[in-house]
Amino acid sequence: MDSVNYEPGHIAAFRTICVEGDPRRRGESYGRAAAPEIKESIHRYTRVFRHMVGWDWQQVRKFALRYERPIGDFSPAIGEEIAGIAAGAGVELSDILALNARSEIMFAAAPARARSMPAECTSFALMPERTGQGIVTGQNWDWLTHARRTTVVLDVRRTDAPNFVTVVEAGQLAKVGLNSAGVALCTNTLIGDVRTDGAGVPYHILLRSVLDAGSGAESAERIATADRAMSANYLISDGTGFCQNLETPASDGAPERIIPRDGVLTHTNHFLSAGLTTTDDYARRKPHTLDRHRNIELRLRDPRVRTIHEVKEALSDHHDWPGSICQHPDPSIAIEERTCTIAGFIIEPDRGVIQYGAGNPCSTHWRQRTVSGA
């Protein structure tokens, strides 16, 4: 069994990939540079989908191709970039579409047959009245353990939209990140009413659209008006003091916008708003989302928590293990279902700075990157 190297307890760093140029050139550069991680990710997800929903990779690819048109209609430039990633990595277009639509395939294509649901993320924002400076936002990103091997730091320089930095599974277009316009993005999966028709724009494409925007307000409107393939939560802020959390249904229906209360905003993987869904599968099947939300609320609403160091300690919280804020791999769970914290993030949008710690926040070495042009 390959679990010894499959889920390292400590990660020295994620590899950084810098790209520039037009969408096609950026995609090809990204694909070439990240080809080993992209191919590893395809290999791992082949095992995951076979185990969780009984689909082989050909079925996954076939379903993923349904999103080619919605993505191209939403953003032709993103469609070009995806084609470039595939060409650069030497894989099929459907492979890259599958990586970018892996959430839709896992949670929407065959939700009733899914054996398990991976644990996900804990996010937050602290407003200037709490920090004494600018907004501080961030999260722990929890996902399948193989992502510790396939994640990269993507630093994108361009002239057609803001520059940005995102920490992402190789082959995907965006996850948590910050752009040179000061737009900061954190996120949580929500599993409510599902779409099985392959329509709508995939979640990770919408994440990228946030980092393409020139302000927090603009990015929030992009999410609010999109025809979304699945439900999700988007915590968006910027250097002007804008901060909104959008809980979205799997449709073009209006999201619920949540703003900070007493200078604090927190979110995990269940809906906080009523009426957006008839079912909340995370709350039902993974109730530790409720524990994590309670624990991050207790931590960050403590008026003594004001500094970056104290926020990092909050992200290192182990209460209610194994479903804690700082999540460690549980060896009793099948490797294809096993989850852990892939990385922790602290973002200061007014400074143009993103900090990330590979692996568990309780033991990681935090690294800082300033977004070019911020």
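## Helices and salt bridges: worked exercises

Glu-40 counts as buried, since its relative accessibility is 18% and buried means under 20% relative accessible area, exposed over 50%, partly exposed in between (1.4 Å probe, protein chains only). The model is predicted, so local features need pLDDT of at least 70 and side-chain atom pairs count only at pLDDT 80 or more, while totals for chains, interfaces and linings use all residues. Residues are numbered from 1 along each chain as its sequence is written, and side-chain values use heavy atoms, with hydrogens and water left out.

**Exercise 1.** Find the salt-bridge partners of Glu-40, including Arg-44 and Arg-149.

*Solution.* 
- Start with the criterion: a salt bridge is a side-chain nitrogen of Lys or Arg within 4 Å of a carboxyl oxygen of Asp or Glu.
- Arg-44 meets Glu-40 at 3.0 Å, N to O. Both residues lie in helix α3, four residues apart, about one turn of the helix. (Helices are DSSP runs of H or I with at least four residues, strands are runs of E with at least two, and they are numbered from the N terminus.)
- Arg-44 is buried, at a relative accessible area of 5%.
- Next, Arg-149 bridges to Glu-40 with the closest N and O atoms 3.2 Å apart. This pair links distant parts of the chain: Arg-149 sits in helix α10 (residues 147–150) and Glu-40 in helix α3, 109 residues apart.
- Arg-149 is partly exposed, at 34% relative accessibility.

**Exercise 2.** Describe how α2 and α3 pack.

*Solution.* 
- Take the axes, which are lines fitted to C-alpha atoms, for helices over the stretch in contact, with angles from 0 to 180 degrees between N-to-C directions. Those of α2 and α3 come within 4 Å and cross at roughly 75 degrees.
- That makes α2 roughly perpendicular to α3, a label for 65 to 115 degrees; under 35 is roughly parallel, over 145 roughly antiparallel and the rest oblique.
- Now list the contacts (heavy atoms within 4.5 Å): Gly-31, Arg-32 and Ala-33 in α2 meet Ala-35, Pro-36, Glu-37 and Ile-38 in α3.

**Exercise 3.** Compare the span of α6 with the expected one.

*Solution.* 
- The expected span is 1.5 Å times one less than the number of residues.
- Helix α6 (residues 76–89) has 14 residues and reaches 20 Å from its first C-alpha to its last, close to the 20 Å expected.
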